[in-house]
Amino acid sequence: MAKLPKISKKIYLDYAATTPVDPRVLRVMLPYFNEKFGNTMSLHYFGQEAQQALEKSREAVAGLISAKPNEIIFTGSATESNNLALKGIAFVNQKKGKHIIISSIEHPCLMESARWLEKRGFEITRLPVDKYGYIFPESVKKAIKKETILVSIIHASNEIGTIQEIAEIGKICKSKGVYFHTDAAQSFGKIPINLKRLKVDLLSASSHKMYGPKGAACLYVKKGTKIEPILHGGGQEHGLRSSTVNVPAIVGFAEACKIAKRDMNKESKRISRLRDKLIKGVLERIPGFYLNGAVQKRLPNNANFWFKGVEGESIVIQLDLSGIAVSTGSACSSAKLEPSHILLAIGLKHEQAHSSLRVSLGRWTKESEINYLLKVLPGAIKRLREISGN
Ligand SMILES: Cc1ncc(COP(=O)(O)O)c(C=O)c1O
């Protein structure tokens, strides 16, 4: 294993990949590792203490999205939640139909779950998006047929930040009697989600994208929605997710939700102002670029640029040498050499998709860090263009 270099400056601008745990979250988690460590299924005091913490956590997570506590199923990751949503609905409803609609810009875990079902006889429609990454609700309506059982559309893109019209899409699904799932891993805790108003049957979220720990996530399952579990065993989580419950992580997830509920508006204003400063700064300093994704309906913390004639990976490495951590896209797929399916879906050519860079801001991003990035980035792009003769 290569030795990591010593770096004097460390600026983290890859919050879409994962976030640090908020110290306030960590503080409430700690007793659950070695003092309140019980198994929620145990009848004794230790077990009941853990069980109570679990149920309180369920209330807090539900509270962030105006759901009912018993509609929250804790899982270990949004990957697991997405698998459970797709496969769980598919298996229960296959007698009714085997057609599922997704978008062409889903996270790999949803794309692959759909592909897995496809290999087992389900029909998958992958809806195209426009150049900003929007799915037209009308196209969902047109794609629904008699055999359709589920529509699953990502709420906000992990790569380009585009936020979809899930209110509109939910209404269409409801009127057609089709289940609607949304992957909200990137939007949960960052923009308001009110499930009293939205016609959403299932929603996935992940703690480590919102300043909670890794290893906790949830699937919201609207009351009355039947799904088949994919993990069988002790019957935890209303029989939908057997496994000993990861109480410390879930307690942390819940605390992260409480903080998000309280601070979301203020925080998203501050972060989107810094994001806009970054975009404006790039516009003023670097020729030959454009912004991938939506201009208006975009996650407050996401900027995704295409820079003419430079490899995204080379920019990531150059910035890393200056102590700045950014990425080319999804952490789960950026290690592969294939271009991002999301950038291809919005119409970028292969070489353009290879020339893109995602900068994602977060709770601890400072203005001075954006200033530093704006100082370093133009030189890095210029050097790389000179090397590649562009
Ligand atoms: C939109 C989206 N869905 C799902 C996932 C998977 O989340 P997890 O890391 O909790 O499995 C991610 C993580 O990058 C994501 O951004």
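Student: Where do Glu255 and Lys258 lie, and how many residues apart are they?

Tutor: Both sit in helix α8, 3 residues apart, which is about one turn of the helix. Helices here are DSSP runs of H or I with at least four residues, strands are E runs of at least two, and both are numbered from the N terminus. This is a predicted model, so local features need pLDDT of at least 70 and side-chain atom pairs count only at pLDDT 80 or more, while totals for chains, interfaces and linings use all residues. Residues are numbered from 1 along each chain as its sequence is written, and side-chain values use heavy atoms, with hydrogens and water left out.

Student: What do Glu255 and Lys258 form?

Tutor: A salt bridge, with the closest N and O atoms 3.6 Å apart. The term means a side-chain nitrogen of Lys or Arg within 4 Å of a carboxyl oxygen of Asp or Glu. Glu255 is buried at 17% relative accessible area, and Lys258 is partly exposed at 44%. Buried is under 20% relative accessible area, exposed is over 50%, and partly exposed is in between (1.4 Å probe, protein chains only).

Student: How many salt bridges does the whole structure have?

Tutor: The search finds 24.

Student: New topic. Which residues have a positive phi?

Tutor: Tyr211, near 75 degrees, and Glu237, near 50 degrees, are two of them. Most residues other than glycine have a negative phi. Tyr211 is in the loop between β7 (202-206) and β8, and is buried at 6%. Ser66, which follows α3, also has a positive phi, near 55 degrees.

Student: And where is Glu237, buried or exposed?

Tutor: Glu237 is in the loop between β8 and α8, and counts as buried at 6% relative accessibility. Its side chain makes a polar contact with the side chain of Arg58 at 2.7 Å. A polar contact is a pair of N or O atoms within 3.5 Å; within protein, one must be able to donate a hydrogen and the other to accept it, and residues adjacent in sequence count only if both atoms are side-chain atoms.

Student: Arg58 is in α3, buried there. What covers the buried residues of α3?

Tutor: The cover includes α2 (31-34), β2 (72-75), β8 (217-221) and α8 (247-285). Contact there means heavy atoms within 4.5 Å.

Student: How far apart are the end C-alpha atoms of α3?

Tutor: They are 29 Å apart, which agrees with the 28 Å that its 20 residues (45-64) should span at 1.5 Å a residue. The expected span is 1.5 Å times one less than the number of residues. For α4 (78-93), 16 residues should span 22 Å, and the ends are 22 Å apart. In α4, 13 of the 16 residues are buried.
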